[in-house]
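Here are my notes on the model you sent.

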Amino acid sequence: MESYEDFERDYNAHLSRIRGFLAGTKSRDTLVECERLIGEAQGCATAMQGLAEVDGNAMKVKEAQQRIDRDITPLAKEVARALQQMPPTNAQSREQLFASHQSGMDQHSRDLESLITNSDDMLRESRSLMLESEAIGNSTLGQMGTQREQLQNANSNVDATLAAARQAGTILASMSRKVWRSKLGLYAMIVILVCMNIWAFVWLAKKK
């Protein structure tokens, strides 16, 4: 595929030949050739503009547009004016030459339009793939963040459960000690009551 510089080189070569023909002795053949070369040069300028737009180079886009207004349009007018001043010839031959020239220009324009369209399609596809990749990356990051939060919550729940278990163990141990002390007190009271009953029984027995 030709580059911007290749089209620029061809463009300058076409302009140089056109100016050489116009500076010399003009004939219908040379003017018809000039018309063909103008079409080729215009095709090169259009291709340069399309490639510059694909590359996003605003300066080259503007330069390519200026080439058409600055170079091609004045030369095309000069060639058309010179052809009008030529004596009439076989009209059918001229129509055939014009039709052939127009067909070549149309084919070149179609090729350039196809090139620009394909470039635009590739750019749109690349942008679509980039957006899709970005969406997948954002979704993956979101899922990782959610999983991390879930793990942190699970960790917090485990820590809370362990703390509650430790607290319950402490409470149970304290209650066990209190129950043990209560049992000891109860046993002591029972022993005292038994002793008092025995003493009372003995005292009553002696009194009789």
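How many salt bridges does a search of the whole structure find? Nine. Bear in mind that this is a predicted model. My points follow.

1. One of the nine salt bridges pairs E5 with K60. Their side chains meet at 3.7 Å, N to O. E5 has a relative accessible area of 41%. K60 has 26%.

2. An α-helix has 3.6 residues a turn, so residues three or four places apart point the same way. R36 counts as partly exposed, because its relative accessibility is 33%.

3. The side chains of R67 and E63 meet in a salt bridge at 2.8 Å, N to O. Here the spacing is four residues, again about one turn, and both partners lie in helix α3. R67 is buried, with a relative accessible area of 5%. E63, at 29%, counts as partly exposed. Salt bridges with shared partners join E8, E63 and R67 into one network.

4. **Helix α1.** This helix covers residues 4-23, which makes 20 residues. From first C-alpha to last it reaches 29 Å, close to the 28 Å expected at 1.5 Å a residue. Its buried residues are Y4, F7, Y11, H14, L15, I18 and L22. Seen down the axis of α1, the buried residues fall within an arc of 100 degrees, so they line one face of the helix. R9 and A23 are exposed on the other side of α1.

5. **Cysteines.** How many disulfides are there? The count comes to zero. Take C44 as a case: the closest cysteine sulfur, in C34, is 16 Å from the sulfur of C44, so the two are too far apart for a bond. A disulfide would need the sulfur atoms within 2.5 Å. C44 is buried, with a relative accessible area of 3%. C195, in contrast, is partly exposed, with a relative accessible area of 45%.

6. Which residues make the nonpolar surface patch of about 920 Å²? They are W180, L184, L186, Y187, I190, V194, I198, F201 and V202. One of them, I190, lies in helix α4, which covers residues 91-207. I190 counts as partly exposed because its relative accessibility is 43%.

7. **The loop at G56.** G56 is placed in the loop between α2 (28-55) and α3 (58-85). Is G56 buried or exposed? It counts as exposed, because its relative accessibility is 61%. A distance to check in your viewer: the C-alpha atoms of G56 and I72 are separated by 24 Å. Along the chain the two residues are 16 residues apart.

Key:
Residues numbered from 1 in each chain as written. Predicted model: local features only at pLDDT ≥ 70, side-chain atom pairs only at ≥ 80, totals over all residues. Heavy atoms only, no water. Patch = residues over 30% accessible without salt bridge, like charges linked within 9 Å, V, L, I, M, F, W, Y side chains within 5 Å. Areas by Shrake-Rupley, 256 points an atom, 1.4 Å probe, with all protein chains shown as cover. Salt bridge = Lys/Arg side-chain N within 4 Å of Asp/Glu carboxyl O. Helix = DSSP H or I, 4+ residues; strand = E, 2+ residues; numbered from the N terminus. Buried < 20%, exposed > 50% of the residue type's maximum accessible area, 1.4 Å probe, protein only. Expected span 1.5 Å × (residues − 1). Arc of directions from axis to C-beta.
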